[in-house]
Amino acid sequence: MFITIMTTILSCNDDLSFSPKGVVSLETLDTPEEADQMVIAAYAALGNDFGGTKPTSSMWLYSSVRSDDAYKGGGSVTDGGGGQLNAFEQYNLVLPSMARINDAWVLIYQGVARTNNALRIISQFSIDEYPKKNERIAEMKFVRAHWWFLLKVLFKYPVLADETISDDDLKLTGNRIYTNNEGWDLIANDLQFAIDNLPTNQNEIGRPNKISASAYKAKVRLYQAYEQNEQNAIINISPEKLNEVVALCNDVINSGKYSLSNDFSENFILETENGPESVWAIQFSQDDGTEQGRLNMANSHSYSLAPGYGCCGWHQPSQTMVNAFKTDIDGLPLFNTYNDIEMKDPIDFQTNGVDPRLDHTIGIPTHPYKYDPSFIYQSNWARTPTIYGPYSGMKEMLLPNDPGLVKVGPFFGTSKSADIIRYADVLLMKAEALIELGRHVEALPLINEIRVRAANSTGKLKNTDGSPISNYRIEPYNIAGWTQDFARKAMQWERRLEFATESPRFFDLVRWGIAGETLNPYLEIEKTRHSYLQNAQFTEGKDEYFPIPQAQIDLTEGLYQQNVGW
């Protein structure tokens, strides 16, 4: 990808939130202090999202909306890029020429370029000159691995060029010099270097450590374990990679550094950010000497029309997502029948049993919003309920009076950190690997640990009179009937509820090879609820990945090869 990067020199503080001070060329950077500033510049790129359209700290537009979690939302079907964002939700309307796809490609490669530039500068110093050399290299390789991971799940065959590739050679580097499997190996290699060279503890919040690198490598190996053919179908699941996932997750679990938060809510409020469950998070700030602070703008357009908000209603949870939180008389999910009858009227949340995570995730009419019993969500707070329904997202939202919420024009930013890997993800990755290895009995306590935490997370889910908001009914699974097939379904459902609207859903479906068989039935039901989806269709062997942007193929005069189906 050919882009010109202007390297900003940034001042450093403990939470990696910084203010640009000037622009220089790489040739003028010749001290270890300036190398450190280049590292900070690379970290800064992680927070460059705006409205979810620039995938850095959040992938809600690229995964949540492309799954059965959520609708695009907004003021109309065409709101957002002249209808391009709507195309993501419809699948069959996506075109390689769309500017929004190219924008995502370019933004991620800007982040890659910053890490590669930092690595080039660092490499010129000896350890004696720059004692932190290997540690800083490890940090940059970790951050680059994060960018490369995003490229892989979005495009399958991106250009994976490291710091050793010159600008001249980059012009001759295609996107198919590595196989799909080799691409995953490159990312894993960067993370292994991070594991080998990072400390177990970091004094500065936001820098990855040895354990967070192990967690991220486990994530990479889990994706790699599901081997795809050129039509994106799963043809094999690698026991070798699955065993590595188990070992890496064990490294995280046995380190004792991380644990589930006592209450699910603690992952989504400012007061308890960077808590025990946060394995790695991107940091944000305000009141840091800049005009508005280094704010998280990924959800800037996702607030409702509630008093104190006012814009813009994007990323609205789907009715199917609401229904998925139903539980049966035994407190277990209704895998096959949950979506037969809508759960939308106030009485429905009392006559049905529900998983408590529902009221941590979704703003529902007549329910208190974001743990404030006096702030009752109203159906007219939705911007376009006749198109996208009455619901609102909640996990990444802050209350209007929260000190971490900052109004930026008509939009909203927050200073709360954005978790990329939570400890719950580590437990479920290990459970998934164990299940596919035929060791599903060992996965049972891992899944139940998360369900028990959910059951114990009702303290903030109260009305003003102290009564529970909904009829909470959730229980752990028992060993009876815990076959491999049932365990797989339970694990997949647990990921759906635990990370609802947090972005992994679409990528999970693609990894498991069930995107088409899940999303087309979802669309058939949603078409009866939302007319704008009438022609939506997911095409297997094509829609699992975005096309390589046509602008990049044109720029390289055909050097880049288009993805299958496009």
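Biologist: Which helices and strands each supply at least two residues of the lining of the largest cavity?

Modeller: In this predicted model, they are the helices α5 (133–155) and α8 (210–225) and the strands β7 (314–317) and β16 (418–422). The greatest contribution comes from β16, with 5 residues.

Biologist: What makes the space a cavity, and what is its volume?

Modeller: A 1.4 Å probe fits there but cannot get out, so the term cavity applies. The volume of the largest cavity is about 590 Å³, and the search of the whole structure finds 9 cavities of 30 Å³ or more. The lining of the largest one comprises 39 residues, and those closest to the centre are Ser57, Asp419, Glu502, Ser503 and Pro504. By class, 17 lining residues are nonpolar, 13 polar and 9 charged.

Biologist: How do you know that the span of α4 (residues 99–123) agrees with expectation?

Modeller: Its 25 residues should span 36 Å at 1.5 Å a residue, and the end C-alpha atoms lie 36 Å apart; therefore the two values agree.

Biologist: Why is α4 called largely enclosed?

Modeller: Buried means under 20% relative accessible area. Because 19 of the 25 residues of α4 are buried, the helix is largely enclosed by the rest of the structure.

Biologist: Against what do the buried residues of α16 pack?

Modeller: The buried residues of α16, among them Trp493 and Arg495, pack against α10 (319–323), β16, α14 (423–436), α15 (440–455) and α17 (505–512).

Terms used: Residues are numbered from 1 along each chain as its sequence is written. This is a predicted model: local features need pLDDT of at least 70, side-chain atom pairs count only at pLDDT 80 or more; totals for chains, interfaces and linings use all residues. Side-chain values use heavy atoms; hydrogens and water are left out. On a 1 Å grid over the protein atoms alone, a cavity is a set of points where a 1.4 Å probe fits but cannot get out, and a pocket is an open set with protein on both sides within 12 Å along at least five of seven lines; lining residues have an atom within 4 Å of a point. Grid points are joined across faces, edges and corners, and a volume is the space filled by probe spheres set on the points. Helices (H or I, at least four residues) and strands (E, at least two) are DSSP runs, numbered from the N terminus. Ala, Val, Leu, Ile, Met, Phe, Trp, Tyr, Cys and Pro count as nonpolar, Asp, Glu, Lys and Arg as charged, and the others, Gly among them, as polar. Buried means under 20% relative accessible area, exposed over 50%, partly exposed in between (1.4 Å probe, protein chains only). Contact means heavy atoms within 4.5 Å. The expected span of a helix is 1.5 Å times one less than its number of residues.
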